[in-house]
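Reader: I'd like a close look at a single part of this one, and then how the rest sits around it. Could you walk me through it in one go?

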Amino acid sequence: MFSLYTYFLSIIPIVLSYVINNSLYKLERQHYSSHSALDLSVVYFLLAFFLLLLIVLFIAFLVKQFSATAWCMVFYFVSVFSLISALELDGIINKFMTGFFKHGLPSLSSSHGTMMCYWDGTVHFAIYIIISVISSDGFDENWSDLALFWCGSMLNSLIVLFFASLTGFYETKPSFLLLILWFCVCCSTLRTVLSDPKLNENAESDGRFSSKYRRLFIVAHFLAILLELYRALAALDARVPSVRFYVENFEPYLREPGKFALGQMLVFFFYFIPYHILSILNLSINSCSRHFSALSIVFAGAAAHAQVCFLGASLHSRTPYVLRVSQEGSSQAVFWLVNCFQLLLPISFAFYVFQQQAPAARTTNGDVCHEK
């Protein structure tokens with residue numbers, strides 16, 4: 001039954017997007033020919049809102065109880081729309097989401113928005129499938145770690161999209177309110193996961209970091225702070241010769257007019273730098289709690305989304321040529337080194353923290369399981 005619902009919720013968005021797009025396109029042409037005003041942006045917002053509401057009510061009627069699997073069914077529905085959007089933006093399909101890019105969320109029509117749609121339609125969709133399987137009958141594994149990764153990824157996506165939609169050259173439409181609704185759902189999910197008794201029952205059972213990699217991660221987090229500060233200055237177009245040289249030769253995409261890159265660098269500055277400082281403090285005092293492990297997974301998800309979308313947009317064919325990374329060997333080397341470092345550090349550190357904390361979480365008396 002679960003697979004049948006998944007198949008159904010994966011097919012319906014394809015049909016709906018095509019029918020709605022073409023119907024509203026014909027309606028728009030009729031009003032233009034009759035010289036009457038019709039604000040399709042409000043129509044798209046109302047359609048999207050009530051369609052999402054109907055899906056929630058339909059799933060609630062089917063499952064009787066809104067569990068993790070039920071919420072994932074709602075998210076399937078949205079993820080398929082995201083994948084359709086990405087495929088249409090790259091010219092693979094046509095006449096499915098054209099009207100939504102014009103009257104709904106114009107900021108998604110950028111190369112960065114395209115990569116966000118690909119991420120939501122593939123990675124997030126896979127996460128929903130895995131969580132649904134794990135939370136179904138017959139499986140005892142806890143899906144909270146995957147949910148934390150998803151929350152970090154989704155929060156990063158929404159914050160950057162908020163910033164670009166409000167400050168970039170894309171017009172803000174009523175459908176922007178759907179992002180606020182989605183943000184509330186994500187925050188509620190994060191709160192639910194963090195308040196899970198399975199997470200809190202061992203919250204006071206602090207593990208210890210092994211000395212093998214502890215100093216290495218302290219140095220890595222310190223370098224990440226310097227790098228994120230430098231890239232934020234570059235995105236803000238600081239009048240420093242070395243910063244301008246870096247942008248012109250290594251990461252020209254930081255000056256893209258849609259403000260996606262600037263929004264992402266500000267997220268790194270205001271959220272990731274405090275996280276790196278907290279990580280250094282925890283590594284210095286050699287303490288690894290379950291809550292810190294959960295935080296590291298959230299930031300791993302945020303970093304994965306941030307860097308994959310940034311890398312993809314920097315190299316995307318729809319990005320203006322002057323904003324793409326140079327084909328010179330030195331420019332390519334620095335570009336990949338910087339971005340892969342910012343991608344791999346939070347993910348590897350989250351895995352390291354989880355591995356160090358897991359033995360302590362399995363104890364019932366809170367004893368330390370790792371020695372210095």
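This is a predicted model: local features need pLDDT of at least 70, side-chain atom pairs count only at pLDDT 80 or more; totals for chains, interfaces and linings use all residues.

How many of the 22 residues of α3 are buried?

Author: In α3, 17 of the 22 residues are buried, so the helix is mostly covered. Helix α3 takes in residues 68–89, and from its first C-alpha to its last it reaches 31 Å. That is close to the 32 Å you'd expect at 1.5 Å a residue. Just after α3 comes G91, whose phi is positive, about 75 degrees.

Now for the rings. F75 and Y76 belong to a cluster, linked through ring pairs, that also takes in F125, Y128, W150 and W182. A search of the whole structure turns up 28 aromatic pairs. For such pairs, what you want is the distance of the centres and the angle of the planes.

Take Y230 and Y246, an edge-to-face pair with 5.5 Å centre to centre and 80 degrees between the planes. As for cover, Y230 is partly exposed at a relative accessible area of 27%, whereas Y246 is buried at 7%.

Y275 and F299 give you a stacked pair: 4.2 Å centre to centre, with 5 degrees between the planes. Y275 sits in helix α11 (residues 260–285) and F299 in helix α12 (residues 290–315), so the pair ties together parts that are 24 residues apart in sequence.

R231 lies over the face of F310, at 5.1 Å from the ring centre.

Of the 372 residues in the chain, 51% are buried. If you count contacts with a separation of 6 or more, 77% of them are between residues 24 or more positions apart. As for the surface, the chain exposes about 17,900 Å², and carbon and sulfur atoms supply 68% of that.

How values were computed. Residues are numbered from 1 along each chain as its sequence is written. Side-chain values use heavy atoms; hydrogens and water are left out. Rings of Phe, Tyr and Trp (its six-membered ring) pair if their centres lie within 6.5 Å; planes under 30 degrees apart count as stacked, over 60 as edge-to-face and the rest as tilted. Buried means under 20% relative accessible area, exposed over 50%, partly exposed in between (1.4 Å probe, protein chains only). Helices (H or I, at least four residues) and strands (E, at least two) are DSSP runs, numbered from the N terminus. A charge sits over a ring if NZ of Lys or CZ of Arg is within 6 Å of the ring centre and within 35 degrees of the ring normal. The expected span of a helix is 1.5 Å times one less than its number of residues. Contact means heavy atoms within 4.5 Å. Accessible areas come from the Shrake-Rupley method with a 1.4 Å probe; for residues, only the protein chains shown count as cover.
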